[in-house]
Amino acid sequence: MSETAFHSGFITIIGRPNVGKSTLLNALVREKVAIVSPKPQTTRSNMQGIVTREHYQMIFVDTPGLHAARTRLGAYMVRVAQSALEEVEAVVFLVDAASGLRPQDMEILQKLLAGSAPLVVCINKIDAASQARVAEMIQALAAYDGIADIVPISARTRDGVDALEVLLAEKLPEGPQYFPGDMLTDQPERVIAAELIREKALYRLRDEIPHGIGVEMTQIKTRENGMIDMHVTIYCERASHKGILIGKNGAMLKEIGSAARRDIELLMGAPVNLQLWVKVQPDWRNKPAMLRELGYE
């Protein structure tokens with residue numbers, strides 16, 4: 001990469017669910033722009049995280065995990081992930097050192113090797129695996145032709161993340177600065193705020209409920225004193241789920257709202273009056289009109 005010319009490009013982060021793609025995006029951007037949770041398929045849409053330095057700009061595309069789709073929403077998530085592989089300067093394929101290489105990893109790898117973009121494999125979560133496990137994974141991956149680089153990292157602790165950024169910067173062609181230097185994501189604040197609410201629900205609800213939750217920002221207004229009023233509807237698929245979401249005497253909904261409000265106030269830089277409502281919308285993940293309303297079509 002020339003030190004005088006400006007370089008830029010798009011880089012996709014891809015992998016199976018729950019390997020740490022959103023955590024890596026946040027580590028690269030050095031701010032929280034993507035929600036994370038211990039549950040798979042947290043990310044539902046492509047969102048871009050923007051890293052701008054003196055001589056280059058990287059636009060990272062965080063994708064939903066590739067998985068076998070069982071709903072219309074799931075099929076949308078797979079299409080989104082696959083489309084993010086087109087016309088990019090590099091692909092970062094994330095695998096999990098804690099769980100080792102799985103058959104699904106190898107299926108994804110074979111598809112990526114057929115592509116034209118430089119392929120960088122990141123072995124994530126090295127802080128949760130033995131050195132022997134990491135060395136074994138490096139050896140197995142090195143046997144494949146077409147992998148440009150193999151980089152062990154921990155997105156959670158940022159170990160190896162700066163080295164990864166330097167490596168990826170070398171793959172950028174000369175190009176324009178696509179976004180202002182202080183812009184960290186292409187997502188509007190109202191979308192990030194809705195996602196933060198979904199994140200807090202993901203952490204607090206039983207396994208069968210989170211994938212059936214959709215969050216819609218129905219109203220957002222700023223008062224003269226700077227206070228921001230947000231009205232948000234949380235959709236779920238069953239009446240029993242609504243009861244769990246609300247909790248006894250509204251305790252669960254209040255806990256989700258309080259946790260989300262703290263993050264949203266940091267995002268907005270202003271006090272927030274957050275009002276949450278829960279509505280039952282049976283099988284919304286298979287209804288085109290609802291998916292469009294929530295931004296998934």
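Modeller: The axes of helix H1 (residues 21-29) and H5 come within 10 Å and cross at roughly 80°, where axes are lines fitted to C-alpha atoms, for helices over the stretch in contact, and angles run from 0 to 180 degrees between N-to-C directions. That makes H1 roughly perpendicular to H5, the class for angles of 65 to 115 degrees, with angles under 35 degrees counted as roughly parallel, over 145 as roughly antiparallel and the rest as oblique. Helices (H or I, at least four residues) and strands (E, at least two) are DSSP runs, numbered from the N terminus. This is a predicted model, in which local features need pLDDT of at least 70 and side-chain atom pairs count only at pLDDT 80 or more, while totals for chains, interfaces and linings use all residues. Residues are numbered from 1 along each chain as its sequence is written, and side-chain values use heavy atoms, with hydrogens and water left out.

On the H1 side Leu 24, Ala 27 and Leu 28 meet Val 161, Leu 164 and Glu 165 of H5, contact meaning heavy atoms within 4.5 Å. The residues of this contact divide into five nonpolar, no polar and one charged; Ala, Val, Leu, Ile, Met, Phe, Trp, Tyr, Cys and Pro count as nonpolar, Asp, Glu, Lys and Arg as charged, and the others, Gly among them, as polar.

Glu 165 also belongs to a network of salt bridges that links it with Arg 30, Arg 53, Arg 158 and Asp 162, a salt bridge being a side-chain nitrogen of Lys or Arg within 4 Å of a carboxyl oxygen of Asp or Glu.

A search of the whole structure finds 14 salt bridges. Among them is the pair of Asp 127 and Arg 156, with the closest N and O atoms 2.8 Å apart. Asp 127 lies in the loop between S5 and H4 and Arg 156 in the loop between strand S6 (147-152) and helix H5 (161-169), so this pair ties together parts that are 29 residues apart in sequence. Asp 127 counts as partly exposed at 38% relative accessibility, whereas Arg 156 counts as exposed at 65%.

Turning to the strands, S3 (residues 56-62) is mostly covered, with seven of its seven residues buried. In a regular strand the side chains alternate between the two faces of the sheet. Strand S1 (residues 7-14) runs parallel to S3 and is joined to S3 by seven bridges, and two strands pair if DSSP finds at least two bridges between them. Ile 13 has Asp 62 as its bridge partner in S3. Strand S2 (residues 47-52) pairs with S3 in the antiparallel sense over six bridges, and Gly 49 has Phe 60 as its bridge partner in S3. S2 and S3 form a hairpin with three residues between them.

Key. Buried < 20%, exposed > 50% of the residue type's maximum accessible area, 1.4 Å probe, protein only.
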